[in-house]
Amino acid sequence: MVLAFSCSFGLASSMQAEARALLFGVKLCLQRGFGPLEVELDSLVLVRILKQLVRCPWGIHTEVQ
């Protein structure tokens, strides 16, 4: 592990929080010049969404894009 962080995303579903944390973390790593990246997720559903195996719900569409 090279970097860890903690932050609040306010009121959100667990899926929204997971997607926002992923986006925030990837942006943070890229800003610091880290790459290539390997990430871990707690949500198999989000992994399946990112792999385009299931449809992306509108609530996290912006983060996924």
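Trainee: Which side chain of opposite charge is nearest to Glu18?

Mentor: The general idea is that side chains of opposite charge can pair when their charged atoms come close. Here, Glu18 is buried yet has no salt bridge, and the nearest side chain of opposite charge, Arg20, is 12 Å away. Buried means under 20% relative accessible area, exposed over 50%, and partly exposed in between, with a 1.4 Å probe and protein chains only. A salt bridge needs a side-chain nitrogen of Lys or Arg within 4 Å of a carboxyl oxygen of Asp or Glu. As for charge, Lys and Arg count as positive, Asp and Glu as negative, and His and the chain ends are not counted.

Trainee: What should I keep in mind about the model itself?

Mentor: This is a predicted model, where local features need pLDDT of at least 70 and side-chain atom pairs count only at pLDDT 80 or more, while totals for chains, interfaces and linings use all residues. Residues are numbered from 1 along each chain as its sequence is written, and side-chain values use heavy atoms, with hydrogens and water left out. The chain averages a pLDDT (the predictor's confidence in each residue, from 0 to 100) of 89, and 100% of the residues score at least 70.

Trainee: Where is the place of Glu18, and which residues is Glu18 in contact with?

Mentor: Glu18 sits in helix α1. Helices here are DSSP runs of H or I with at least four residues, strands are E runs of at least two, and both are numbered from the N terminus. Leaving aside neighbours within four places in sequence, Glu18 is in contact (heavy atoms within 4.5 Å) with Leu41, Asp42, Ser43 and Leu46.

Trainee: How many salt bridges does the count come to?

Mentor: The count comes to one. Arg20 and Glu63 meet through their side chains at 3.1 Å, N to O. This pair links distant parts of the chain, with Arg20 in helix α1 and Glu63 in helix α3, 43 residues apart. Arg20 is partly exposed at 23% relative accessibility, while Glu63 is buried at 16%.

Trainee: Which residues make up the largest nonpolar core?

Mentor: As a general matter, in soluble globular proteins, nonpolar side chains tend to be buried together. In this chain, the largest nonpolar core has five residues: Met15, Ala19, Leu46, Ile49 and Ile60. Helices α1 (14-31) and α2 (44-50) each supply at least two residues of this core. The term covers buried Ala, Val, Leu, Ile, Met, Phe, Trp, Tyr and Cys residues joined through side-chain atoms within 4.5 Å. Leu46 touches Met15, Glu18, Ala19, Leu41 and Ile60, leaving aside neighbours within four places in sequence. Ile49, in helix α2, is buried at 5% relative accessibility. Beyond residues up to four places away in sequence, Ile49 touches Met15, Val54, Arg55, Cys56, Pro57, Ile60 and Val64.

Trainee: Is Leu44 buried or exposed?

Mentor: Leu44, which is also in helix α2, counts as exposed at 60% relative accessibility.

Trainee: How many aromatic pairs does the structure hold?

Mentor: A pair of aromatic rings is described by the distance of the centres and the angle of the planes. The structure holds one such pair. Phe9 and Phe24 are edge-to-face, at 6.4 Å centre to centre and 75 degrees between the planes. Phe9 lies in the segment before α1 and Phe24 in helix α1, so the pair ties together parts 15 residues apart in sequence. For the cut-offs, rings of Phe, Tyr and Trp (its six-membered ring) pair if their centres lie within 6.5 Å, and planes under 30 degrees apart count as stacked, over 60 as edge-to-face and the rest as tilted. Phe9 is partly exposed at 28%, and so is Phe24 at 36%.

Trainee: What should I look for in the backbone?

Mentor: Start with the peptide bond from Gly35 to Pro36, which is cis, with omega near -5 degrees. Pro36 is in the loop between α1 and α2. Next, Gln52 has a positive phi near 60 degrees, in a residue other than glycine. Gln52 belongs to the loop between α2 and α3 and is exposed at 71% relative accessibility.

Trainee: How many helices and strands are in the secondary structure of the chain?

Mentor: There are three helices and zero strands. Of the 65 residues of the chain, 20% count as buried.
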